[in-house]
Amino acid sequence: MEIDSSAALRVHNVRLVDGLGSAVVADAVLDAGADGRIAYAGPASGAPAPSPDVRSVDGRGGTLLPGFFDCHVHLGMPSDRSIVDEALMTSPALRTLQTAERLRRTLDAGITSARDLGALPAGFRDAVGSGLVAGPRLQTSVGIISHTGGHADTTLPGGVDLGFDFCALADDADEVRLAARRLLRAGADLVKICTSGGMSSAGDDPDDEDLLEEEVAAAVDEARRHRGRAVAAHAQGGAGVLAAIRGGAASVEHGFGIDEQGCDLLGERGAVLVPTLATVFEPLDAATGPPWRYEKKMRWNERTKENIAAAIGRKVTVAMGTDAGISAHGRNLAELAHLVELGMAPMEAIRAATSTSARLLGVEDRLGALRPGMLADVVVCAGDPLRDIGVLAEPDNIVLVAQQGVVRKSALPPPGTGSTGREGAPPPAPAAAPGAGDSR
């Protein structure tokens, strides 16, 4: 997830939420050196003097947060048309340019790091890292492994095979190992498997079981043998959730059917739940998709909300993922409002999308928090998400995005154009409202 460029940056006239603690600094300054690492993040009263040769950004009383993570995206897939249209009607060149545009929109929405779980070649990761394309820092699984007839089988009910090169079929432990090796050869940073059917696959159901526990264990062992890579498991129904955890997957993706046993196993094994609620909170409309998908969502949406709310209540470890590509691209942080609706405090939801997600991706030593020594991936939001978590959902409210001190997006006026406060002056006091901090 490396980015080649870095820059010195100073941000002032902001309230600071650091992604780790519960305290908020009402009038804060962040200083990053030329190496893109944070040298200071704290009260303006204790900040070092500004340097005239460092870019200084007036945050205008907004909220400074760590750059956010989305741990479950499909940037190579459109969210506004079917995968059949994508496969049969869109040229490879156009798909490449559309993917680059989705990368840019995702970054502009405040996602500075993302984990792509199928349909994104490793070249996009390298293009972002070298600065050729603007986008989130990336980890990619490149493809998805399931069994014949499972969630990643691209053969439609009528017998037509869409032939997606990112879908790999494996029907025993040895075939799982071979599929994992081929994806790792293609540059995968982790291995993505399926232990259940899914909503978006026509031939199966979330309660159907996909890869068996011993096949999951084979994938986990193969990933471990290749520089300790992780395994992420698409697991929607309860049986798939248990197989994923027992087999050693690092994360349960979706987890719609998770129950008390699954929650307990998550804690025992140190695994993480990535609930992708954006797909669940989408309005149900029979006219917007095929009947089989509508029928499954009708059966599962309310069940899912109840199960994930119960898991949140049991304090399982949750990282943020949206399934963008199935849900809308470029509105990723609406996921935080869904987490809050199901029981998280706003500060907990922010930590799920910053420090907890960084830990899941193995980069918590340098990303996910605003502390000295960390990389200056930062976001400024125009508003206070601890009072209204919904302000993060609107990309126009994300007024500054920087990676390693390099400003990627700024909707803030330049210095001397009617700034709301000089450096060192406190930002305007927000109106009192319920729900601040860690309160529910």
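**Salt bridges and other details**

Modeller: Let me start with arginine 225, which counts as partly exposed because its relative accessibility is 44%. Keep in mind that this is a predicted model.

Colleague: Thanks! Which residue does arginine 225 form a salt bridge with?
Modeller: With glutamate 222, and the closest N and O atoms are 2.5 Å apart. Both residues sit in helix α5, 3 residues apart, which is about one turn of the helix.

Colleague: And which residues are joined into one network with them?
Modeller: Salt bridges with shared partners link Arg177, Arg181, Asp221, Glu222, Arg224 and Arg225.

Colleague: Is glutamate 222 buried or exposed?
Modeller: Buried, because its relative accessibility is 0%. Glutamate 222 also forms a salt bridge with arginine 181, where the closest N and O atoms are 2.7 Å apart.

Colleague: Nice. How many salt bridges turn up in the whole structure?
Modeller: The search finds 23. Another of them is between glutamate 101 and arginine 105, with the closest N and O atoms 2.9 Å apart.

Colleague: Where do glutamate 101 and arginine 105 lie?
Modeller: In helix α2, residues 92-108. They are 4 residues apart there, so about one helical turn separates them.

Colleague: How do those two score for accessibility?
Modeller: Glutamate 101 is partly exposed, with a relative accessible area of 39%. Arginine 105 counts as partly exposed too, at 34% relative accessibility.

Colleague: Changing topic: which residues form the negative surface patch?
Modeller: That patch is made by Asp171, Asp172, Asp174 and Glu175. Glutamate 175 belongs to helix α4, which covers residues 173-185. With 37% relative accessibility, glutamate 175 counts as partly exposed.

Colleague: I'm looking at serine 201 now. Where does it lie?
Modeller: Serine 201 is in the loop that runs between β10 (191-194) and α5 (213-225).

Colleague: Is serine 201 buried or exposed?
Modeller: Buried, as its relative accessibility is 8%. The cut-off for buried is under 20%.

Colleague: What does the side chain of serine 201 contact?
Modeller: The side chain of aspartate 204, through a polar contact of 2.5 Å.

Colleague: One more topic: backbone angles. What is the phi of valine 142?
Modeller: Phi there is near 65°, which is a positive value in a residue other than glycine. Valine 142 sits in the loop between β7 (137-140) and β8 (144-146). Valine 142 is also buried, with a relative accessible area of 12%.

Colleague: And what about the phi of histidine 254?
Modeller: Histidine 254 is not a glycine either, yet its phi is positive, at about 85°. Histidine 254 is part of strand β12, residues 251-254.

Colleague: Buried or exposed, that histidine 254?
Modeller: Buried, with a relative accessible area of 2%.

Colleague: Great, thanks for the tour!
Modeller: Any time!

Key:
Residues are numbered from 1 along each chain as its sequence is written. This is a predicted model: local features need pLDDT of at least 70, side-chain atom pairs count only at pLDDT 80 or more; totals for chains, interfaces and linings use all residues. Side-chain values use heavy atoms; hydrogens and water are left out. Patches are made of residues with over 30% relative accessible area and no salt bridge: like charges are joined within 9 Å, nonpolar side chains (Val, Leu, Ile, Met, Phe, Trp, Tyr) within 5 Å. Accessible areas come from the Shrake-Rupley method with a 1.4 Å probe; for residues, only the protein chains shown count as cover. A salt bridge is a side-chain nitrogen of Lys or Arg within 4 Å of a carboxyl oxygen of Asp or Glu. Lys and Arg count as positive and Asp and Glu as negative; His and the chain ends are not counted. The place of a charge is taken as NZ of Lys, CZ of Arg, CG of Asp or CD of Glu. Helices (H or I, at least four residues) and strands (E, at least two) are DSSP runs, numbered from the N terminus. Buried means under 20% relative accessible area, exposed over 50%, partly exposed in between (1.4 Å probe, protein chains only). A polar contact is a pair of N or O atoms within 3.5 Å; within protein, one must be able to donate a hydrogen and the other to accept it, and residues adjacent in sequence count only if both atoms are side-chain atoms.
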